[in-house]
Amino acid sequence: MKRITFLLFASLIATVFLLGCEENTKPNDWTDQSEVDPEASTDEKRQITIGLSMDTLIEERWERDRDMFKEAVEAQGAEVVVKAANGNDALQIAQAETMISQGVDLLVLVPHNAEAAATIVGRAQLADIPVISYDRLVKNANVDLYISFDNEQVGVLQAEAMIDVVPQGKYAYIGGASTDNNAHLIKEGVFRVLQPLIDRGDIVVVYDQWTEAWMPMHAKENMRAALAANDNEIDAVIAANDATAGAVIEALTEVGLNGQVPVAGQDAELLGVQRVLSGEQLMTVYKSIRSLTEQAADIAVRMAKGEVIETDIKVNNGKKDVPTLFLTPVTVNADNIETTVIEDGFHTHEDIFE
Ligand code: BGC
């Protein structure tokens with residue numbers, strides 16, 4: 001026999017939802033009445049469940065995103081179910097559909113593919129489940145909120161650091177995945193800074209390619225191609241993240257040029273920071289995953305309880321102006337490792353210097 005779950009919003013007129021059946025008591029089950037604070041509102045007693053649908057866990061950052069997000073949501077008495085799709089669009093859609101049919105209260109989505117993920121948002125909307133676009137924007141979809149870093153600024157920081165040390169010369173640009181909206185934003189930021197120098201003829205971009213699925217092996221192939229096409233004469237490389245920067249440095253190492261050609265990356269991955277220290281990588285960009293996950297968790301739980309979140313910024317995703325929150329990225333170079341990633345607890349002194 002079906003169990004009927006009633007959801008009464010605190011001070012509102014009683015609204016009744018039919019939620020789930022006996023064998024699926026989670027996530028929309030009543031909390032055991034004996035354990036709850038009798039003072040708490042009915043809404044607070046219900047266990048909130050957030051679905052986190054991730055593209056990948058390959059880069060170092062994503063495991064932190066997953067763990068810190070879970071921790072922050074749980075600290076608020078809610079729970080998280082996580083699925084990662086290994087860069088497979090069909091799998092990500094199937095996993096998200098499962099979470100939707102299991103009745104998560106809200107979906108936090110890191111899309112593998114900005115366009116394909118619109119299917120997920122559509123399905124969630126049909127089930128009345130709000131969607132937060134996390135770190136990456138889903139395009140052409142009715143996303144409820146977008147939270148990320150200012151990705152154009154990531155590119156600006158990379159290019160500004162690079163033109164400081166290489167104001168003239170041949171540049172290679174190793175982009176991210178063209179299916180990821182962030183890759184486009186980062187590139188826009190980079191070229192906004194480079195363009196005046198390109199126009200003056202000081203800088204020539206001799207190579208400019210996306211990296212399929214952000215995979216280091218493709219970035220390495222790209223860098224080998226860039227070197228081969230230019231008789232190894234490349235003065236600077238801007239890579240869209242630390243994983244691709246690492247691959248670029250491997251390709252430079254093959255021709256004995258590691259440490260001689262400055263390379264920019266982002267994410268402040270441990271290996272990236274260590275390469276900055278050793279001089280093989282010029283800089284990286286630190287994005288506080290702690291701040292991102294804590295803010296996203298707070299908003300997710302509030303939205304799951306029915307709160308409408310207002311933001312100052314809105315970003316158009318092709319379908320609507322999406323309420324947006326941007327966090328600020330920070331340059332990390334050989335001079336400020338201590339005062340950035342170490343001080344913030346992102347990496348320990350021992351991990352970096354061991
Ligand atoms: C993220 C980067 C990450 C890249 C590859 C981008 O969308 O913003 O931090 O390195 O995806 O996963």
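This is a predicted model: local features need pLDDT of at least 70, side-chain atom pairs count only at pLDDT 80 or more; totals for chains, interfaces and linings use all residues.

Analyst: Residues are numbered from 1 along each chain as its sequence is written, and side-chain values use heavy atoms, with hydrogens and water left out.

User: How many cavities of 30 Å³ or more turn up in the whole structure?

Analyst: A cavity is a set of points on a 1 Å grid over the protein atoms alone where a 1.4 Å probe fits but cannot get out. Volume is the space filled by probe spheres set on the points, which are joined across faces, edges and corners. For the whole structure, the search gives three.

User: Where does the largest cavity lie relative to domain 1 and domain 2?

Analyst: The largest cavity holds about 110 Å³ of space. Domain bounds come from an automatic or database domain assignment. Domain 1 (46–143 + 289–327) and domain 2 (151–287 + 332–353) both give residues to the lining, so the cavity lies between them.

User: How much of the ligand does the protein bury?

Analyst: Glu59, Arg61 and Asp135 are among the residues around the ligand, each having a heavy atom within 4 Å of it. A polar side-chain atom of Glu59 sits 2.9 Å from a ligand oxygen, within the 3.5 Å limit for a polar contact between N or O atoms. Alone, the ligand exposes 310 Å² (Shrake-Rupley method, 1.4 Å probe), and the share buried by the protein is 100%.

Definitions and conventions. On a 1 Å grid over the protein atoms alone, a cavity is a set of points where a 1.4 Å probe fits but cannot get out, and a pocket is an open set with protein on both sides within 12 Å along at least five of seven lines; lining residues have an atom within 4 Å of a point. A polar contact is a pair of N or O atoms within 3.5 Å; within protein, one must be able to donate a hydrogen and the other to accept it, and residues adjacent in sequence count only if both atoms are side-chain atoms.
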